[in-house]
Protein chains: 2
Amino acid sequence: MPSYRAPVEDTLFILNDVLGFHHHDNLPGFSDASPDVVEAVLSEGAKLADTVLAPLNAIGDKEGCKRLHDGSVTTPKGFKAGYDAFAQGGWMGLSVPEEYGGQGLPHTLNSAIQEFVSGANLALGMYPGLTQGAMAALLVHGSEEQKQAYLPKMVEGAWTGTMNLTEPHCGTDLGLLKTKAVPNGDGSYSLTGTKIFISAGEHDMAENIIHLVIARIEGAPAGTKGISLFVVPKFLINEDGSLGTRNGVSCGSIEHKMGIHGNSTCVMNYDGAKGWLVGQENRGLNAMFVMMNEARLAVGIQGLGQSEVAYQNAVAYAKDRLQGRSLTGAKAPDKAADPIIVHPDVRRTLMTIRAFNEAGRALMLWTALKADIGHRSPDAAERQAAEDHMGLMTPVVKGVLTDKGFDNAVAAQQMFGGHGYIEEWGMSQFVRDARIAMIYEGANGIQAMDLIGRKLPKDGGRAMMTFLGEVQTFIKDHDEDEAMKPFTGPLQAGLNDLQAATMWFMQNAFSKPDNAGAGATDYMHLFGLVAMGYMWGRIAKAAIARKAEDAGAAERMDVKLVTGRFYMERMLPETATRLTRIKAGAETTMALAVEAF
Amino acid sequence: MPSYRAPVEDTLFILNDVLGFHHHDNLPGFSDASPDVVEAVLSEGAKLADTVLAPLNAIGDKEGCKRLHDGSVTTPKGFKAGYDAFAQGGWMGLSVPEEYGGQGLPHTLNSAIQEFVSGANLALGMYPGLTQGAMAALLVHGSEEQKQAYLPKMVEGAWTGTMNLTEPHCGTDLGLLKTKAVPNGDGSYSLTGTKIFISAGEHDMAENIIHLVIARIEGAPAGTKGISLFVVPKFLINEDGSLGTRNGVSCGSIEHKMGIHGNSTCVMNYDGAKGWLVGQENRGLNAMFVMMNEARLAVGIQGLGQSEVAYQNAVAYAKDRLQGRSLTGAKAPDKAADPIIVHPDVRRTLMTIRAFNEAGRALMLWTALKADIGHRSPDAAERQAAEDHMGLMTPVVKGVLTDKGFDNAVAAQQMFGGHGYIEEWGMSQFVRDARIAMIYEGANGIQAMDLIGRKLPKDGGRAMMTFLGEVQTFIKDHDEDEAMKPFTGPLQAGLNDLQAATMWFMQNAFSKPDNAGAGATDYMHLFGLVAMGYMWGRIAKAAIARKAEDAGAAERMDVKLVTGRFYMERMLPETATRLTRIKAGAETTMALAVEAF
């Protein structure tokens, strides 16, 4: 049976030593998040993840969700209790403003908890995850009346939320959507249409489900300019806040998926369902975009969570499984064979995953912190810089953490040999579950296009210039530091590749946009490699400082320094190949006629 | 519903134009394989794969195998009919000598058919596949009496075969095996022990199952030097060849696996089962090794097969699915959106898989041809050179074709967006099925160790020197040819990286074997990149020649030339990163104490 232990210690190190979380206590909510509060929050969250959610993971995969004839959906045994524990622990509203029942704590802490929950039980974590996403949309775009009507109940966990975008014929290209909204004359609308791939669309965990739905108001312009956002509760809400009649929305079927079986992925039928406009008419896509950054960050975190749990179980197996002898002489001569962790190819695999996880965690927490600054700072310039970073880094965190998170789950599974392929060992589930994160909330190819087509050129490339400058300054600042040389040297090489790629696009993509498209995915990964390399630079700096002031931490810090050097020597240099591919341009990629395929 | 079309045309082009298959008609069996026979064989095999086996693939995944209380196992609906069609078509004995009922045709043709069968239905194809493996072991190591007793029935398909190696505590490290063989005094042995992961160990497709089992004869030396190979039929065979009493071997349970659900993966219990020695006492591992090359080649082919079928279905979807508009203006202005094949990132994905598949196919057919030459040539020097090649290239074909075959199935699945994650679309099955090929028949890390620890240094590096020399000669021979420049230039760069890596190991791995272990997987992939680059060089040469003599083929040949350039520009340059990693050595890989994990 696989197990999970939330990485509390590493998260605290990143927050406190690497990111200087406490330097931001001028921001609303941060002053409540003193170091001991942060530690308590993470420890409590870890306890929930490790002891309540993780033990339900395998059963969720095995049982899956079932739709009954009446359209109701049952979730796997224990899931409701797990969900209740999450809700009762106050986790749903951790960073929701206190006026709506939340705790108003920084989103950064919520992101750390999201990693723990995703690592422990991705499918279960999606129910509150979608609720948090829906709350975020309502917080930004909902009227005060809507916020008061929905948020406290959602924070409490009594009601969950969903996001309804996709239709059978339209996924990425939302301009094609057909779901219709007809005004009822009383301020409400009647929605009709079919939505697919609706996570947590129907289930037995909560009294009510608050669907956020995009639809086209009768007579609205075609394409993306005619899309509006609506809130459609499963049960209508009476004046006194009690639940009223059942609305005209129902689950038509649930999907048979490769993974996340514990989450009900529904086809949702809207048959004249009553809904209310959220935000402005025909501005629904903008409403979605605002919350998309945080949602995409959350999916990147899911990739990281699966990578971490797969790593932990691979380590446990590699220490336990006896097979063969070390190339440098028996390490366990009293046993029939050595544990496989002595073998360099096994080590290489484990080190690769570990070096990714720690840098990936730093990158996502750094970006989450920027989201907090962007939302909460009183200083407009600081807010803008933080929002620039958030916008630029979101597709990178989403695309790279989920692509590599999946690769890592596969690599961890490989450590188990044949046992990795047997469902009972649990590694297959991590791989199957991790797979979805590359797809939903914008497939990773779309993330790459968002990066190169929107985020990179935005405001004359301001966000990218700032990032490149920050990394360059970091390298310069540590140029004379002998202990930092193993980090700054390779980081400079990676940064040069990223600069060269950026320059290449500036010179070659405006005239031939296919050059941008053909290099987009490589650019996203090149960027991710450098961003994580920068994180390793900052982790190394923090580790060296910590060693100097705390001898007791020296051993643990040395482990980080070795892991960081592994990243610098063996992982970051992949930037060279990514750059070569980008510079190859689109010619051979696009040369063939469609019929030649 | 996914579909499959066996790549007959490309296989014929590789055999005839690239590899000069017909130049070998001095070898036994080859003279029977005239061009029209080859075309007929491949066309018939394709028909079986496309119309009989492929339609059973999804149902096999959905139904899986079931073990009943009496220990019998039922296979999915239609599987027996599919198996019978395979057997009745004479495919089982395609390259088995005629004296045992086979057709004695080249193994190269069998390899081509293996690709078709694996692409159409991997799980079903494993039943005959294991039978062919068991026949290969009996052909090389069995006594004449054993061959006469078993082979004709197996060729006929009336009996299937299995390979029993793994035990719960021993996979890679077979020296640990515990299954005991006690002499009965009549030339037979009583076998007792438990074997796991036995593919096709029990099923309802054939009258009898011939298990090949490795076990330790009572009193034999410990470790790998005390392992013997036995043949253990499910039903004992009477003097007259009819089936006798049930032997003491039974299926204890079947595994719940990530994929290949249609194949019964059994725990096999041997309770004093009657068996007979195959080959010499205590030489069982050698007996296994001889057949391992072909078995590993077959698994590499499975990786290729999954990559091909996933590609075909991704292409069909990409032509059909309308979403978004081309970056260079609408390509289907009459439709609501363009088909997604117009998008460069989709193209990049499809071209990457395609460029791999064609070169991978050439590499595996080239290696299969070497196996034929190694077994059939009357010329000792030619035999040796062919066996050198086969030994060296086997871990590369197995490791690289299955690692990348899996990656390609994942990439093809990604083209489907959310639909790729839904089981009904079939892409998930390709991914789940392809995953096993990286694990069984020696996990890919073991392939890498086999390459670097055994195959590379063997005979003073003779095989590797020959390969490097051959590629260098090819480049030199085409140095002046303008049309070949896009191929020879990048190939030289890749070859230089491979030479540098080889040299680095010679200088750094003997004194520190961990340096070899830490670089083994990167070396295997570096080698694979160059070997496939060489294949593209040869394909390009053949395509240019074909164009010159056959104007009707020009368009098709131009497609190959573009695809080859794509490989050279975008895929082969990965050698640089692989080399960097190798040269990083083992220091950071091995530096951490086990407790630090």
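1. Helices, of at least four residues, and strands, of at least two, are DSSP runs numbered from the N terminus. In those terms, A:Asn282 sits in the loop that runs between strand 11 (265-278) and helix 8 (284-320) of chain A. The model discussed here is a predicted one. A:Asn282 is not a glycine, yet its phi is positive, at about 65°. Its relative accessibility is 21%, so A:Asn282 counts as partly exposed; the cut-off for buried is under 20%.

2. A positive phi in a residue other than glycine also occurs at B:Ala200, where the value is near 60°. B:Ala200 belongs to the loop between strand 5 and strand 6 (208-217) of chain B. Is B:Ala200 buried or exposed? B:Ala200 is buried, because its relative accessible area is 0%.

3. On the annotation: UniProt, in an unreviewed entry, places the feature "domain: Acyl-CoA dehydrogenase/oxidase N-terminal" at residues 83-157 of chain A. In the model, residues 83-157 of chain A are 71% helix and 0% strand. The end C-alpha atoms of this stretch are 8 Å apart.

4. The salt bridge between A:Lys47 and A:Glu44 has an N to O distance of 3.6 Å. These two residues share helix 2 (residues 35-53) of chain A and are 3 residues apart, about one turn of the helix. A:Lys47 has a relative accessible area of 48% and is therefore partly exposed. A:Glu44, with 43%, is partly exposed as well.

5. In chain B, the side chains of B:Glu167 and B:Lys195 form a salt bridge at 2.9 Å, N to O. B:Glu167 lies in the loop between strand 3 (159-164) and strand 4 (180-183) of chain B, while B:Lys195 lies in strand 5 (residues 188-199) of chain B, so the pair ties together parts that are 28 residues apart in sequence. B:Glu167 and B:Lys195 are both buried.

6. Some salt bridges share partners. One network built in this way joins A:Asp522, A:Arg570, A:Glu574, A:Arg578 and A:Arg581 with B:Asp522, B:Arg570, B:Glu574, B:Arg578 and B:Arg581.

7. A search for aromatic pairs over the whole structure finds 27, with all chains included. How is the pair of A:Phe406 and B:Phe406 arranged? The two rings are stacked, with 6.3 Å from centre to centre and 15° between the planes. A:Phe406 is in helix 10 (residues 380-414) of chain A and B:Phe406 is in helix 10 (residues 380-414) of chain B, so this pair joins two chains. A:Phe406 and B:Phe406 are both buried.

8. A:Phe474 and A:Tyr534 have ring centres 5.4 Å apart and planes at 85°, so this pair is edge-to-face. A:Phe474 comes from helix 13 (residues 458-477) of chain A and A:Tyr534 from helix 15 (residues 513-549) of chain A, so the pair ties together parts that are 60 residues apart in sequence. A:Phe474 is buried, as is A:Tyr534. Both belong to a cluster linked by ring pairs, which also includes A:Trp366, A:Phe467, A:Trp504, A:Phe505, A:Tyr523 and A:Phe527.

9. B:Arg435 lies over the face of B:Phe406, at 5.6 Å from the ring centre. A:Arg354 lies over the face of B:Phe597, at 5.7 Å from the ring centre.

10. Last, the surface. A:Met465, A:Met503, A:Met506 and A:Phe510 make up a nonpolar patch there, and together they have about 460 Å² of accessible area. A:Met506 counts as partly exposed because its relative accessibility is 45%.

Definitions and conventions:
Residues are numbered from 1 along each chain as its sequence is written. Chains are lettered from A and ligands numbered from 1 in the order in which they are written. This is a predicted model: local features need pLDDT of at least 70, side-chain atom pairs count only at pLDDT 80 or more; totals for chains, interfaces and linings use all residues. Side-chain values use heavy atoms; hydrogens and water are left out. Patches are made of residues with over 30% relative accessible area and no salt bridge: like charges are joined within 9 Å, nonpolar side chains (Val, Leu, Ile, Met, Phe, Trp, Tyr) within 5 Å. Accessible areas come from the Shrake-Rupley method with a 1.4 Å probe; for residues, only the protein chains shown count as cover. A salt bridge is a side-chain nitrogen of Lys or Arg within 4 Å of a carboxyl oxygen of Asp or Glu. Buried means under 20% relative accessible area, exposed over 50%, partly exposed in between (1.4 Å probe, protein chains only). Rings of Phe, Tyr and Trp (its six-membered ring) pair if their centres lie within 6.5 Å; planes under 30 degrees apart count as stacked, over 60 as edge-to-face and the rest as tilted. A charge sits over a ring if NZ of Lys or CZ of Arg is within 6 Å of the ring centre and within 35 degrees of the ring normal. UniProt positions are given in the numbering used here, feature names are shortened, and annotations may be inferred rather than shown by experiment.
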